[in-house]
Amino acid sequence: QTGCSLTPLALTSQERETQISADSAVIFKDQEPLTAPLTLYQAMSRALKYNQDHRVKMMEKAVAEGQASLAKFDLLPDLVASAGYNGRDNFNASGSRSLASPNDPTQTLRMNTSQDRARYFGDLNLRWNILDFGVSYFRAQQEGNKVLMSAENRRKISHNIMKDVRSAYWRALSAQRMTAQIAPVLAEAQKAFDLSKQAEREKLRSPVEGLRYRKSLLEIVRRLEALQDQQRLAKSELAGLINLPPNQDFQLADNGTNPWPEIVKPKISLEQMDEMALHFRPELRQEMYQTRISADEVKKAMLRLLPGIELQANANYDSNSYLLNHDWTSIGTQISKNLFEILAAPQAIATAETQESLANTKRLAAYMAIITQVRMSQQHLELSENQFRRTVELDDINQNIHHHVINSEMADALSALERIRISVDSVLSSLQKHQAYAESQDALAKLYVSLGFDPLPETIENNNIDTLASAIEAIDKQWQQGQYPQIKEVVDKSVEAETVAGKS
């Protein structure tokens, strides 16, 4: 028989359609409209404000704060109030007889009652269990640490979002800049391709020669389009990061002639970078809070070995007219213990201690992972910068070749395929230069993340897009100038330690 079982019902097509329509109306609601070309820092501020992953972490932090607030109420004693009414259609009457003569049916008293047929009663009961108070205290501590962990998780998400935005923005901007250069070359290649097909149809060129010619053209076009498409995808990625509607087109702020901003590495030593990362990486802070939570779990397991001591204080009222005192107070105490808990206590304590050991091990693993990430991010940035310098040199050479060949008497002597090859080499080298620059920006962003740099000051005036963008830009400029206001104390301590070590 399954009459009492509960079977969940699958969503109907109409329910799914209704939910999707409702979500579509909400997901882009109350966003500041994008009416002008987008700057890097505006993209970052939009991501921090509207990105759905970031919003999820903000809500998780709010939920954790609510749980911590609720856990504090468990520290209070139980105060239970009750009231009621009791009525019956006849009296609650009874008689009695003597137990000294159990065979004597004579009642010693006639039927009597000591209770009204209708009465009101109530009581106020205050109970405080000392064992529960101790357990609740450590539980409240754990919930408070979970709030701090959720705050660090939000920091981690915001750091990664800023990294992704920086990388996607520069790749999208390089695609935007290169579109004007790529379009005429692709048009020329397509024209040459069509002329080749026509020449083959008119038998002005042998079939094999024509096929080889078109194959060379297609390979050129494929290389060009592959790099161009790779860059264009960055624009869609950027739109997703800043939560723009899929059908909304936008432009990035750039006049096409501004030089790329210089990529400035942090002006601190590797040892100082390690110190900063260990102080500010959210992952390590999370593991530290988890260690606290695990330590409190051991204390809770040990505390549960003790018997529960309960103190009670009651205030009572009863309207029964037969009572001498209609209201009274009482106090009492009680000691209780579930003896079967003693059997499970050693295993509970051992499990809690194992969890604490695991938390310590994970913290040490995070320590080592952070140090490794800092070193790898720093090396990645150096390699990216070196690759960028090489691509700049190569691009300068290709642009000079293109300029001399196309604008000289040699141009007339070259075939259309050779002219297209030279033009494509010129465009490809420019595109690779832009790509190398975007990769350098990505490497810089990864280094910032590995150091735990916070992209926002502690306080800002308001959270509109322009104010957030200005605050992010100010912090970014300070980093480029080697100023780290959020971590000055750590840097000063590191410098002081190095000075002392040098003197000794």
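Q: In which sense do strand 5 and strand 6 pair, and over how many bridges?
A: Keep in mind that this is a predicted model. Start with the general idea: along a regular strand, side chains alternate between the two faces of the sheet. Here, strand 5 (residues 308-318) pairs with strand 6 in the antiparallel sense, over 10 bridges. To see one spot, look at Glu310, which stands opposite Gln334 in strand 6.

Q: Is strand 6 largely in the open or buried?
A: Strand 6 covers residues 327-336, and the number of its 10 residues that are buried is zero, so the strand lies largely in the open.

Q: What is the volume of the second largest pocket, and which residues are closest to its centre?
A: Of its 24 lining residues, Leu40, Tyr41, Tyr169, Trp170 and Pro261 are closest to the centre. Helix 4 gives the most to that lining, with five residues. By type, the lining divides into 13 nonpolar, four polar and seven charged residues.

Q: How many aromatic pairs are there in the whole structure?
A: A search finds nine. Take Trp128 and Phe133: their ring centres are 5.6 Å apart and their planes sit at 65°; angles over 60 count as edge-to-face, so that's what this pair is. Some rings also join up: Tyr169, Trp170, Trp260, Phe388 and Tyr437 are linked into a cluster by ring pairs.

Q: Where does the charged end of Lys235 sit?
A: Over the ring of Phe250, 5.1 Å from its centre.

Technical notes
Residues are numbered from 1 along each chain as its sequence is written. This is a predicted model: local features need pLDDT of at least 70, side-chain atom pairs count only at pLDDT 80 or more; totals for chains, interfaces and linings use all residues. Side-chain values use heavy atoms; hydrogens and water are left out. Buried means under 20% relative accessible area, exposed over 50%, partly exposed in between (1.4 Å probe, protein chains only). Helices (H or I, at least four residues) and strands (E, at least two) are DSSP runs, numbered from the N terminus. Two strands pair if DSSP finds at least two bridges between them. On a 1 Å grid over the protein atoms alone, a cavity is a set of points where a 1.4 Å probe fits but cannot get out, and a pocket is an open set with protein on both sides within 12 Å along at least five of seven lines; lining residues have an atom within 4 Å of a point. Ala, Val, Leu, Ile, Met, Phe, Trp, Tyr, Cys and Pro count as nonpolar, Asp, Glu, Lys and Arg as charged, and the others, Gly among them, as polar. Rings of Phe, Tyr and Trp (its six-membered ring) pair if their centres lie within 6.5 Å; planes under 30 degrees apart count as stacked, over 60 as edge-to-face and the rest as tilted. A charge sits over a ring if NZ of Lys or CZ of Arg is within 6 Å of the ring centre and within 35 degrees of the ring normal.
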